[in-house]
Structures are given as structure tokens and as C-alpha cells.
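Here is a short briefing on one protein chain. Look through the sequence and the 3D view, then read the points below.

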Amino acid sequence: CVSCHGTDREGGRLFPNPWLVAPAITVAALTGTHGEDSDGHDDHAPYSADTLARVITTGLRPDDSAVGTAMPRWEIAAPDLRDLVAYLLGKE
């Protein structure tokens, strides 16, 4: 996650394609509401634990639209995915 979303989870430009931007994955960015292009996020509904796990593994947002192809679809063991989602949502 850090290589694209940064150590502070605020997102940023992607090397070597600086026109691509990884959005923030802070608790506020994931659970808040967003207007189009605000803080690097397209307009999306807030993520729940289930929808965050789904976007990490399948690339599908809460509304079933797909994130860009720059976002990998991760294969991760269920206990590790639960821990990652809890961390990202601030429930560690």
C-alpha cells in the first residue's frame, strides 16, 4: 500500500506515471463522502469493512463500479485481510 498511497496514507502521484494519482486511504477518505475529484477520490459511498475488503480483492467500489487498473487486485489470506481492513478503518 505504501508504495502508492504513501507512509501517511495521503496518496500521491505514481512513478513513473505522474499523471496517475493514488487516492488517500485515511479513515476520513475511506469513510467520508466525496464529490467528484475531491482529495483524489472519485465520488463514492463510504466504505464499510465488507466493501473495503471487496475493493482490495476485486477492485469493485461500494457502488459496484471498478477502480482503475493501476490498483492491483490482491490475493490475501482472510485473517490478514480482516487485519488490514481493521487497520485502514482505524479499528486496529
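A residue is called buried when its relative accessible area is under 20%, exposed when it is over 50%, and partly exposed in between, using a 1.4 Å probe and protein chains only. By that rule, buried residues make up 27% of the 92 residues in this protein. The model is a predicted one: local features need pLDDT of at least 70, side-chain atom pairs count only at pLDDT 80 or more, and totals for chains, interfaces and linings use all residues. Residues are numbered from 1 along each chain as its sequence is written, and side-chain values use heavy atoms, with hydrogens and water left out.

**Overall layout**

- The protein has four helices and two strands, where helices (H or I, at least four residues) and strands (E, at least two) are DSSP runs numbered from the N terminus.
- Along the sequence, these elements follow the pattern α-β-β-α-α-α.
- The accessible surface comes to about 5,800 Å², and 57% of it belongs to carbon and sulfur atoms; such areas come from the Shrake-Rupley method with a 1.4 Å probe, and for residues only the protein chains shown count as cover.
- A contact means heavy atoms within 4.5 Å. Among contacts between residues at least 6 apart in sequence, 23% join residues at least 24 apart.

**The nonpolar core**

- A nonpolar core is a set of buried Ala, Val, Leu, Ile, Met, Phe, Trp, Tyr and Cys residues joined through side-chain atoms within 4.5 Å.
- The largest such core has 12 residues in all, including Ile25, Ala53, Val67 and Leu81.
- Helix 3 and helix 4 are the elements that give two or more residues to this core, and the largest share, four residues, comes from helix 3.
- Leu52, another member of the core, touches Leu30, Tyr47, Val85, Leu88 and Leu89, leaving aside residues up to four places away in sequence.

**Backbone details in the loops**

- Most residues other than glycine have a negative phi, and most peptide bonds are trans.
- Arg9 has a positive phi, near 65°. Arg9 lies in the loop between helix 1 (2-5) and strand 1, and it counts as buried because its relative accessibility is 14%.
- Asp64 also has a positive phi, near 75°, and is found in the loop between helix 3 (49-58) and helix 4 (78-88).
- The peptide bond from Phe15 to Pro16 is cis, with omega near 5°. Pro16 sits in the loop between strand 1 (12-13) and strand 2 (21-22).
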